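Colleague: Hi! Could you walk me through a few side chains in this one?
Modeller: Happy to, let's have a look together.

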Amino acid sequence: MKLPDKIAGLRKSRGISQEELAERLGVSRQAVSRWETGSAKPDANNILQLSLLFHVTTDYLLHDDYQSDQDLPGIRKTNQILRTNLTLIAIIAQVSFLNVAMQPFPDMGQPAADSLVWTVRLVPLLACSLWMCLNLRYEPDPSQRRKNIRIELVYCLLQAGIALSAHHYALYGAGTALLLAVALLYILWVNPKFMGRPLTRKCRGA
């Protein structure tokens with residue numbers, strides 16, 4: 001996107017007329033009109049004022065190949081790190097709450113109390129599972145995203161099966177160890193190799 005289109009688009013998206021923009025920048029309406037038609041370019045001071053007014057970077061305004069601030073290398077890298085950390089936290093939180101839900105709890109003797117205990121255990125688990133699903137939307141390739149959905153579904157079903165079996169047979173220690181082992185395998189091997197999501201520094205550097 002060219003600079004004239006960016007200026008016009010930013011101005012219109014904020015409902016500002018050319019006259020209002022010119023007044024805020026201390027230039028004439030004709031100058032703004034020439035910027036938007038491409039017959040003239042704003043000087044360095046005007047570019048700085050535009051970036052401050054529209055809350056965008058000067059790099060975004062000056063580089064035609066940047067469609068938004070999200071395309072800037074530094075911001076793209078920061079966003080990638082943030083998404084990676086959110087994905088990793090969601091996986092760890094899910095296996096943690098799954099382990100809590102698997103553990104035994106005393107019979108309260110009242111159905112309402114037992115239901116409340118199960119609710120307290122299961123709601124955070126379901127919330128983390130939903131969080132994991134939402135993190136899949138960051139994959140831009142539709143084919144890879146569909147593949148990742150299938151892989152994560154298999155992972156979640158496997159972990160749920162381990163937890164249910166451990167709870168049923170009262171193998172809580174073994175269940176916890178197996179849950180952690182599968183989660184580590186999922187993070188360190190499955191994600192970088194099959195899902196295109198290196199979640200650790202070692203995987204990202206490989």
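Colleague: Is E152 buried or exposed?
Modeller: E152 is buried, with a relative accessible area of 3%. Buried means under 20% relative accessible area, exposed over 50%, and partly exposed in between (1.4 Å probe, protein chains only). This is a predicted model, where local features need pLDDT of at least 70, side-chain atom pairs count only at pLDDT 80 or more, and totals for chains, interfaces and linings use all residues. Residues are numbered from 1 along each chain as its sequence is written, and side-chain values use heavy atoms, with hydrogens and water left out.

Colleague: Which side chain meets E152 in a salt bridge?
Modeller: That of R197, at 3.2 Å, N to O. A salt bridge is a side-chain nitrogen of Lys or Arg within 4 Å of a carboxyl oxygen of Asp or Glu.

Colleague: And where do R197 and E152 lie?
Modeller: R197 is in the loop between helix 9 (172–194) and helix 10 (201–205), while E152 is in helix 8 (residues 142–168), so the pair ties together parts 45 residues apart in sequence. Helices are DSSP runs (H or I, at least four residues), numbered from the N terminus.

Colleague: How many salt bridges does the rule count?
Modeller: Three. One of them joins the side chains of E36 and R11 (2.5 Å, N to O), and both residues are buried.

Colleague: New topic: what does Q18 touch?
Modeller: Leaving out residues up to four places away in sequence, Q18 touches R11, R29, V32, S33 and E36. Contact means heavy atoms within 4.5 Å. Q18 is in helix 2 (residues 18–25) and counts as buried at 17% relative accessibility.

Terms used: Helix = DSSP H or I, 4+ residues; strand = E, 2+ residues; numbered from the N terminus.
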